[in-house]
Every structure is written in structure tokens, then in C-alpha cells.
Amino acid sequence: MDHAELTTDQVLRRDIPWETYMSTKLISGTSLQLLRRYDHRSESHRAQLLDDDGPAYVRVFVHVLRDIFKEDTVEYVLALIDEMLAANPKRARLFHDSSLSDEDTYEPFLRNWFIQEKSCKILALIVSARPKNQNGVVSNGDTSKKPFTTIDDVLRALVKWLCEQLKKPSHPNRGVPTAVNCLATLLKEHLVRSSFVQADGVKLLVPLISPASTQQSIQILYEACLCIWLLSYYDPAIEYLATSRALPRLIDVVKTSTKEKVVRVVVLTLRNLLSKGSLGAQMVDFQLPQVVQSLKAQAWSDEDLLEALNSLEEGLKDNIKKLSSFDKYKQEVLLGHLDWSPMHKDPLFWRENINHFEENDFQILRVLVTILDTSSDPRTLAVACFDISQFIQHHPSGRIIVADLKAKERVMKLMNHENTEVTKNALLCIQRLFLGAKYASFLQA
């Protein structure tokens with residue numbers, strides 16, 4: 001059978017010649033006794049043995065992986081460990097028992113697909129189970145043991161292998177799921193986050209963030225989003241997320257997913273990213289406030305999700321207020337590069353700030369009119385036309401002031417512009433110039 005197609009159950013059906021290994025002194029008599037008691041026994045029987053003498057079994061497993069190189073046997077012991085940890089992930093702490101301080105419990109896992117896959121999953125659990133001190137800081141053990149494999153060596157080797165799996169999976173069906181599953185465990189580690197970002201790994205995760213249909217793809221999506229959530233605590237990763245397609249993908253997922261755990265981890269991620277750089281403004285542009293309103297109307301049982309939705313909603317409101325300040329608007333106009341940021345189409349912004357346009361002899365309005373002559377950017381021209389039309393609508397003397405600035409001729413020229421967005425907003429502006437404020441309110445952009 002192709003090793004890439006092996007399953008844990010198939011490997012565990014093998015009969016391993018433990019007596020032969022003892023006769024050739026590859027295992028001790030004590031190890032043989034422990035293996036006989038454990039081998040091919042029920043799950044409950046094995047669980048009791050691990051409860052009674054877990055560190056001893058870990059020592060035997062590590063010795064076999066270290067001293068025996070026959071592939072069938074290595075695969076078998078890895079399958080035993082995988083089964084042991086799958087039944088109870090907390091057993092990973094056994095590898096850090098004080099009685100094993102003289103053992104290099106990492107090295108045997110760093111050596112066919114089955115071995116790599118199982119070793120990676122097992123190491124991810126063992127690494128994450130490292131003991132912490134009273135301050136919650138992970139202990140890296142006695143660094144004086146130079147021959148031992150260091151935790152940094154293990155983590156770098158894991159990150160390299162996982163990135164390779166995301167780029168070019170060794171197994172067509174299990175490569176990516178295994179890599180994402182391990183990353184969801186390992187990205188809690190600062191060194192893993194750093195190594196992963198340096199390896200350009202973030203861009204390998206982004207394509208996995210898309211609405212899922214099958215159970216397997218839902219699990220991959222959840223774990224990929226979990227990875228992004230863990231990376232949202234790491235600023236160098238956020239810099240990449242801000243310039244990638246990660247944000248619109250996350251919002252698409254949260255709009256369409258019905259799985260509570262997926263929605264929860266995405267909302268928590270968005271809440272983390274809200275205050276980072278321009279991401280808050282981008283969220284408003286992508287209509288996230290409306291999405292949050294829709295999510296809040298649904299029946300969720302997870303209290304953490306409800307709390308996160310409320311927190312995200314409040315954060316977005318604060319963000320809109322900041323984005324809608326006249327100072328922000330003034331800065332954008334003076335720079336001469338306009339875009340459809342939220343303030344332009346917010347009626348409240350215009351009602352609250354229309355008098356500010358009178359400052360410095362209508363300086364900002366004059367700059368908007370000048371932009372119509374000087375800018376070659378279609379988006380900037382369209383927004384300038386729209387803003388002038390908003391001024392006409394909201395200022396009591398808007399039509400007269402704009403006419404005095406000779407804006408009509410400039411706007412008329414833009415009605416023949418090749419860009420439809422420009423012509424649409426130029427037409428709106430001209431209509432409001434001719435109709436005045438009384439009728440302009442009936443026109444829609």
C-alpha cells in the first residue's frame with residue numbers, strides 16, 4: 001500500500017516483533033513487558049495504563065522511535081502516540097514529566113508521508129503542552145543540555161514543513177488539512193508567528209478563507225480563520241493582512257456561514273483588527289456595520305459571540321464618527337485624492353458640518369471646484385461632483401454660492417466624460433444646480 005494512503009487504524013492492525021527487538025537489544029526487557037501490556041488492548045485498558053504509568057510509556061515510545069529505524073515499526077509507534085493524544089490531548093504533558101528530563105523527547109519526531117504527518121501533529125501538541133511558570137511564561141527547560149534538540153529547532157522545522165504543505169501538499173487530500181490543523185495549535189507561539197510571517201506563510205492561508213459547503217471544508221475554514229485570529233495579535237502579520245484580500249474574505253465568510261464556531265472566530269478576529277491602521281475604515285467601506293446588524297438579529301447560543309458582536313458594533317460606530325469628522329474630510333480634499341469614504345454619503349455628516357464649509361471664504365468648496373479642472377482621476381472627479389451636489393442640497397444658499405464660483409461650466413464638461421461614474425455624479429450636480437435645494441432632496445445618487 002502507498003504510504004500516503006495509510007490510516008492510523010490500518011497501521012495499528014500490524015503485529016510488531018517486539019521479542020526480536022529485545023533479543024537484538026534494541027529494546028529492554030522492561031520495555032518489552034510494557035509494550036506487551038499495551039499492545040492491541042482496548043482503549044479503556046490503555047487509558048488505565050497511561051493513568052497509572054504514563055511517563056514510562058512515553059519513555060518506551062521515544063526510545064523505539066530513536067533506536068529502531070524499520071519503517072513499519074516507526075509508523076506503528078507514531079500511530080499509538082497519535083491515538084493516545086487524540087483520545088486525550090492533555091496527555092501531551094506526559095512528554096514534559098520531570099522523570100523524562102534526561103530524554104530528548106523532540107528529536108525522534110524530526111525524521112514517507114505517514115511519518116511526517118503523524119510526527120507533525122504529535123509535535124504540535126507536545127510543544128503546546130510545555131509547562132508554564134506562575135507568570136504564564138513557557139519554560140524551555142534546562143538549556144545547558146547542549147546535545148538535546150532545542151524548542152527553537154523544532155518550531156522552525158515544523159513551520160518550514162507546514163509552509164511546504166500549504167504550497168505543494170505531499171498528499172492531495174490530507175496535506176493542507178494537516179498543515180492548517182497544526183498551525184491552529186502552533187501559532188500561539190511567538191516564534192512560530194515570527195517564522196511563519198518571515199516565510200511568507202500568511203498569503204498561503206488567505207485563499208483558504210472562503211465560504212465552505214462540505215464538513216471537511218468547513219473544518220479547514222474554521223481552522224484557517226482560527227490561524228488568522230491568532231495572527232491578529234501579531235503586528236507584522238497585521239501589516240500583511242491589511243494589504244491582502246483577507247478582510248473582504250473574512251466578511252464574506254461571516255455573511256454566509258451558519259456554523260456558530262466559524263462566525264465566532266471571524267467576529268473575534270474582526271474585533272481585534274478594528275483598531276489597526278486603516279482596517280477600521282476598510283470594514284466600514286465593506287458594509288460591515290450592516291453585516292453586524294444582520295448577525296445580531298439571528299439566534300446565537302454562544303454568549304461570547306453575542307458579546308463580541310456588541311463590542312464590534314460599538315467599535316464600528318466609533319470608527320464612523322472618527323471617519324466622519326470635518327477635519328478628516330478637509331484633509332482628504334486638500335490632498336486632492338477623493339474616494340467613497342463613509343462621510344461622503346452620510347447625510348448626518350453634511351447636516352452637522354455644512355456650516356464648516358463657510359470657513360476661510362468657502363476654502364474647501366473652492367478646492368472641490370478646482371479639482372474638477374485639475375484632476376485626471378475618475379474616482380476623484382466623481383466624488384467631487386457628488387460633494388458639490390451635497391453642498392447645494394444642504395446649504396441654504398448652496399446653489400447661488402456654487403454658481404458664483406463658476407462651477408456649472410466645469411461640471412457640464414464632465415457630463416461627457418468617458419467614465420460612467422463621473423457622468424452620473426456630474427448629472428446629479430447639474431440637476432441640483434438647476435432645481436435648487438427645495439427639489440434637490442428628491443434626487444438620489
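Reply: What follows is a short exchange on domains and helix packing. This is a predicted model, in which local features need pLDDT of at least 70, side-chain atom pairs count only at pLDDT 80 or more, and totals for chains, interfaces and linings use all residues. Residues are numbered from 1 along each chain as its sequence is written, and side-chain values use heavy atoms, with hydrogens and water left out.

Me: How much area do domain 1 and domain 2 bury between them?
Reply: An automatic or database assignment gives domain 1 (1-130), domain 2 (163-323) and domain 3 (326-441). Twelve residues of domain 1 are in contact with ten of domain 2, contact meaning heavy atoms within 4.5 Å. Buried area is the accessible area (1.4 Å probe) that two parts lose on being put together, summed over both; for domain 1 and domain 2, with 60% of it on carbon and sulfur atoms, it is about 990 Å².

Me: Which residues of H23 make the contact with H20?
Reply: Helices are DSSP runs (H or I, at least four residues), numbered from the N terminus. H20 (residues 359-374) and H23 (residues 407-414) pack with their axes, lines fitted to C-alpha atoms over the stretch in contact, 10 Å apart and at an angle of about 40°. Val369, Leu372 and Asp373 of H20 make the contact with these residues of H23: Ala407, Arg410, Val411 and Leu414.

Me: At what angle do the axes of H23 and H24 cross?
Reply: Angles run from 0 to 180 degrees between N-to-C directions. The axes of H23 and H24 (residues 420-435) come within 8 Å and cross at roughly 145°.

Conventions: Helices (H or I, at least four residues) and strands (E, at least two) are DSSP runs, numbered from the N terminus.
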